[in-house]
Amino acid sequence: MPNMKKSKMKKVLTVLIIIVVSITALLSATYINHQIRLKYEAELRSPLGQIVEVDGNNMSVYIEGNGDTTLVFMSGAGTCSPILDFESLYSLLSDEYRIAVVEKFGYGYSDVIDKKRDIDSILEDTRAALTAAGLNAPYVLCPHSMSGLEALYWAQKYPDEVTAIIGLDMAVPQYYDNMKINLPLMRVASWAAGMGIHRLIPGLAESEAILHGTLTDREKEIYKAVFYNRTATVTMINETDAVKENAEKVKSMGVPQLPMLLFISDGSGGTGFEKETWRKIAIDYISQTSNGKYIELDCPHYVHDHEYIKISESISEFLLNK
């Protein structure tokens with residue numbers, strides 16, 4: 001009997017060793033493939049805009065158009081390629097307005113930094129990047145999702161620099177009151193992306209901009225190349241880690257009183273809210289402004305990748321009459 005037990009234990013141990021070796025070999029192969037592909041994709045990741053220095057690191061700013069009014073597009077959390085994500089919309093506006101897209105640290109062609117991302121740091125980075133790129137306030141801010149907090153704080157802290165806010169299904173502080181954020185899962189996703197595991201998931205790189213926007217085939221390939229290099233970066237995770245604290249700070253300063261137009265989605269596409277709740281929070285917020293309007297859209301959270309024609313027309317009309 002003792003020999004039988006030893007034999008059985010030996011078989012179990014052998015199986016475990018085989019499993020561990022197989023997983024290690026698979027992960028090693030996946031990582032090596034990822035590194036090779038990153039080198040191959042380097043040409044696709046050539047910056048689309050300017051690279052400016054902010055606090056000793058590089059930030060990416062894209063500028064298009066020559067209008068007297070500057071629209072600053074600000075991306076939501078985790079949007080790996082803001083320049084391409086917004087293109088379907090701003091390409092319809094650049095004949096009339098100057099367009100600027102700021103890629104925060106950890107996004108697009110900007111450096112990945114491992115620092116606390118409090119609302120003041122994020123805002124000062126954006127302001128410094130625009131100045132370094134040769135632009136001057138005042139601006140019309142066009143934030144998507146989480147960047148709504150930055151835009152509202154900007155209008156609160158530097159009211160002379162913001163003439164209007166156009167929210168592309170932007171976040172307001174109240175969304176974060178009861179929002180559950182799974183940071184451990186995000187860290188696992190970050191590790192998996194570093195290993196190249198995200199390359200093995202079919203369709204994962206197919207963003208809303210790729211599926212529903214007006215990107216060319218070449219731009220879609222560029223978007224995917226940026227995605228594989230800028231997914232769940234440590235900067236994005238630090239930003240999410242600080243978001244509830246940031247939301248509380250923005251909320252404590254009240255609702256800025258300036259022209260504001262909110263495009264509100266149906267809540268699908270990653271908000272985590274039911275349609276009625278998602279819309280009610282935004283509508284309640286805009287009702288506290290003296291010059292605010294909203295437009296409800298029957299589309300997911302990345303509204304600018306779905307309803308870019310309607311949004312562009314509404315923006316032009318709003319800015320003409322604000």
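Tutor: The side chains of Asp120 and Lys249 form a salt bridge, at 2.5 Å from N to O; the term stands for a side-chain nitrogen of Lys or Arg within 4 Å of a carboxyl oxygen of Asp or Glu. The two partners are 129 residues apart, with Asp120 in helix α4 and Lys249 in helix α10 (residues 243-252). Helices here are DSSP runs of H or I with at least four residues, numbered from the N terminus. The model is predicted: local features need pLDDT of at least 70 and side-chain atom pairs count only at pLDDT 80 or more, while totals for chains, interfaces and linings use all residues. Residues are numbered from 1 along each chain as its sequence is written, and side-chain values use heavy atoms, with hydrogens and water left out.

Asp120 is buried, with a relative accessible area of 18%, whereas Lys249 is partly exposed at 36%. Buried means under 20% relative accessible area, exposed over 50%, and partly exposed in between (1.4 Å probe, protein chains only).

Asp120 also forms a salt bridge with Lys157, where the closest N and O atoms are 2.7 Å apart. This pair links helix α4 (residues 119-132) to helix α5 (residues 147-157), across 37 residues. Lys157 is partly exposed, with a relative accessible area of 33%.

Through shared partners, salt bridges join Asp120, Lys157 and Lys249 with Glu124, Arg127 and Glu161 into one network. The whole structure has 18 salt bridges.

Methods: Helix = DSSP H or I, 4+ residues; strand = E, 2+ residues; numbered from the N terminus.
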